[in-house]
Structure formats: C-alpha cells, structure tokens
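Visitor: I am new to this structure. Please show me how to read its features, one at a time.

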Amino acid sequence: MTTDRASAAANDRPRVFSGIQPTSGSFHLGNYLGAVRQWVDMQDTHDTFYCVVDQHAITVEQDPAQLRENTRVSAAQLLGAGLDPERCTLFVQSHAPEHAQLAWVMNCITGFGEAARMTQFKDKSAKQGNDHTSVGLFTYPDLMVADILLYQADEVPVGEDQRQHLELSRTLAERFNHRYGQTFTVPTAFIPKATAKIYDLQDPGVKMSKSASSPKGIVNLLDDAKTSAKKFKSAVTDTETVIRYDEEGKPGVSNLLRIHSAMSGQTVEQLEAHFEGKMYGALKTELAELFVEWVTPFQRRTNEFLDDPAALDKVLAQGAEKARAVAGPTLAAAYERIGFLASRH
C-alpha cells in the first residue's frame with residue numbers, strides 16, 4: 001500500500017474516480033440522473049476524484065475552440081449540479097499529464113487481442129470504417145485504465161456500457177502487480193442502487209443521448225426552461241388513459257414516471273396512487289413544473305461560473321494540483337518498478 005492509500009484508508013472512505021466527456025455544450029437529463037447526481041451524493045461517503053476527460057474527446061476530430069468551450073461548460077455544470085471543490089477533487093484530464101504517461105505503460109502491457117475485443121471500439125470502428133478510425137480510439141481503453149489506476153481508486157461508478165473497460169482495468173492492475181510488484185489498487189465496480197435509466201421523450205425505446213435522440217426527445221439542461229417544459233408536455237405516451245408503470249406495454253408513461261420518481265424522490269407506487277383517476281396531461285404538467293423548479297437554480301449556478309472565468313480557472317487549477325499530488329507518486333512508483341531511470345533534474 002502506498003503512503004497515499006494508507007492516508008485514504010485511515011480516512012475510512014473508499015476512493016472513487018469517474019469522468020465525463022466534454023463532447024457537447026449542455027449535459028442532458030440522462031447525464032444528470034444517470035451519473036452526475038450520484039457523483040454529488042458520493043462526496044459525502046467517498047474520497048471522490050472527478051474529471052472532465054478532454055483527452056478522450058479527441059479520439060474523434062474536434063474543433064479546438066469548441067473543445068475548450070465545451071470543457072469549461074462541462075466543469076461549470078458539474079459545479080452547478082452540486083460538486084463542491086472542498087469535498088471532492090474536480091479537474092481537467094489534460095491538466096494532469098500523468099494520465100497520458102501512464103496510458104503508454106498500459107498500452108505496452110495490453111495484448112492486441114484484448115484491445116481489439118473492446119465492444120465500443122468494434123461498434124464505432126465498424127460504423128466509421130478503418131480509414132476514419134484513429135489509433136486513439138483503439139487504445140483509449142488504456143487511457144481509461146490509467147485514469148482509474150493513477151488515483152488508486154477502490155471503486156468506479158459504471159454503467160453496463162463501461163463494465164468491459166473496468167474489467168480491463170482490473171486485469172491490467174493485476175498483471176502489472178504480478179510482473180513488477182504491488183503498485184496499483186485493483187478497482188471494483190460501484191453500481192448505484194437507484195440509477196434512473198432515462199429514455200427519449202419521443203421514442204421511449206431509445207436511451208436519451210446526444211447521438212441517438214431527436215431534438216424533441218432530449219432534454220438539455222442548459223436549454224431555456226420553458227422549451228424543456230414543452231418537451232415534457234408533448235412526450236409520447238399511448239392510447240390508454242391510466243397512469244401506471246408498465247415498461248413493455250406503456251414505455252412512454254413508464255419513462256415519465258421514472259423521471260418523476262428520480263427527481264421528486266417519490267416511489268413509482270406512490271406516484272401511481274397520486275395520479276390515480278387523472279389523465280396523462282396531469283403527469284406531464286407536474287413533471288414539467290418539477291423540472292423547471294430544479295433546473296432554474298442549476299442554470300443560475302452554472303452561469304455564475306461561466307460568467308467568472310477566473311473563478312472557474314482557479315477551481316480547476318486547484319483541482320489539478322490536488323489530483324497531481326496523488327497521480328505523481330503513483331506514476332513515479334510505476335516508472336521505478338518497470339525499470340525507468342529516475343530523473344534527477
């Protein structure tokens with residue numbers, strides 16, 4: 001165990017690492033309810049490291065000015081959602097060069113076949129074709145491994161689509177430890193119990209996402225609140241009138257109930273009783289009002305950071321300093337054990 005891990009253990013708080021890509025200006029409701037809200041809650045129970053993973057974003061071509069803007073907007077939204085720099089470490093991935101440095105080490109102990117079997121790579125490369133698929137897309141799971149192992153993370157919040165990457169992190173941590181001596185904590189998956197799966201408001205068979213959702217089906221957190229309220233009120237339901245949870249028979253209504261439950265804290269059963277005898281319009285209207293009530297202060301807090309770039313830069317600089325205080329010794333230990341000559345400058 002490293003000195004840093006000993007101090008974390010003394011704190012009796014498992015360490016968590018998680019990251020979010022700055023791939024678009026605004027988070028959507030699925031991002032918040034599926035991940036970010038859990039990040040906020042975990043500040044009280046874990047030693048939390050949260051990262052805007054801008055290096056992952058460049059596996060596909062990015063406009064430089066837009067990437068910088070999206071990175072700032074992502075960080076501001078995380079703060080607006082409730083991340084507290086006094087209770088977590090929030091930073092930008094490229095501000096800690098140890099990520100790229102450890103990723104090269106991970107590249108060199110990963111088998112070609114292991115990397116080629118990564119489902120996301122196979123899916124994306126099949127769609128893009130070999131000529132439009134970067135080497136970075138092939139090796140970015142190793143950058144994810146480095147992200148996690150640098151901070152000696154005990155737990156990593158993951159959805160089903162990231163579980164394979166976490167397994168690679170476990171495999172490579174164990175492989176390195178076996179070859180070179182105990183260096184990395186082997187992380188485990190953290191599956192939040194109440195994670196809400198949020199679907200497209202117009203096509204409730206499709207998960208809400210920037211790539212798959214229609215403009216009317218996705219709720220962007222930075223959109224005008226009245227515009228988002230209209231999206232809830234025009235959400236697809238069905239030809240019945242009874243408000244009840246039935247994923248197979250009533251996917252649209254079930255999606256609305258799931259969102260309401262996630263935002264209000266009421267159980268689906270309580271909501272079914274609450275809306276008994278009422279029409280779909282009542283559910284849509286109440287949900288729209290609930291969302292506006294939450295998103296209005298979120299947007300205000302986010303914009304306060306965007307309107308004060310110096311304050312945002314200070315938060316991110318302090319976060320990078322805290323992150324590197326952990327990442328630096330981890331990388332140094334890995335370098336020493338793999339046989340690199342120590343730098344004496």
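Visitor: In which helix do Phe291 and Trp294 lie, and how many residues apart are they?

Guide: Both lie in helix H13, three residues apart, about one turn of the helix. Helices (H or I, at least four residues) and strands (E, at least two) are DSSP runs, numbered from the N terminus. A word on the source: this is a predicted model, where local features need pLDDT of at least 70, side-chain atom pairs count only at pLDDT 80 or more, and totals for chains, interfaces and linings use all residues. Residues are numbered from 1 along each chain as its sequence is written, and side-chain values use heavy atoms, with hydrogens and water left out.

Visitor: How many helices and strands are there in the protein?

Guide: The protein has 14 helices and five strands. Its radius of gyration is 22 Å, close to the 20 Å that the globule rule gives for 345 residues, so the protein is as compact as a globular protein of that length. That radius is taken over C-alpha atoms, and the globule rule is 2.2 Å times the number of residues to the power 0.38. Along the principal axes, the C-alpha atoms fill a box of roughly 75 × 45 × 40 Å.

Visitor: Are Phe291 and Trp294 buried or exposed?

Guide: Both are buried. Buried means under 20% relative accessible area, exposed over 50%, and partly exposed in between (1.4 Å probe, protein chains only). Of the 345 residues of the protein, 47% count as buried.

Visitor: How many aromatic pairs are there?

Guide: Rings of Phe, Tyr and Trp (its six-membered ring) pair if their centres lie within 6.5 Å; planes under 30 degrees apart count as stacked, over 60 as edge-to-face and the rest as tilted. The count here comes to 12 aromatic pairs. Take Tyr32 and Trp294: their ring centres are 4.4 Å apart and their planes are at 35°, so this pair is tilted. Tyr32 lies in helix H2 (residues 29-42) and Trp294 in helix H13 (residues 280-306), so the pair ties together parts that are 262 residues apart in sequence. Tyr32 and Trp294 are buried. Phe291 and Trp294 also pair, with centres 6.3 Å apart and planes at 45°, so they are tilted.

Visitor: Which residues do ring pairs link into a cluster?

Guide: Tyr32, Phe232, Phe291, Trp294 and Phe298.

Visitor: How many salt bridges does the structure hold?

Guide: A salt bridge is a side-chain nitrogen of Lys or Arg within 4 Å of a carboxyl oxygen of Asp or Glu. The structure holds 12. In one of them, Arg324 meets Glu98, with the closest N and O atoms 3.0 Å apart. This pair links distant parts of the chain: Arg324 sits in helix H14 (residues 309-338) and Glu98 in helix H5 (residues 98-108), 226 residues apart. Arg324 is partly exposed, at 38% relative accessible area, whereas Glu98 is buried at 6%.

Visitor: What does Lys231 form a salt bridge with?

Guide: Its partner is Asp223, the closest N and O atoms being 3.7 Å apart. Lys231 counts as buried, at 11% relative accessibility. Asp223, at 25%, counts as partly exposed.

Visitor: Which residues are linked in a network of salt bridges?

Guide: Asp238, Glu240, Arg244, Asp246 and Lys250 are joined in such a network.
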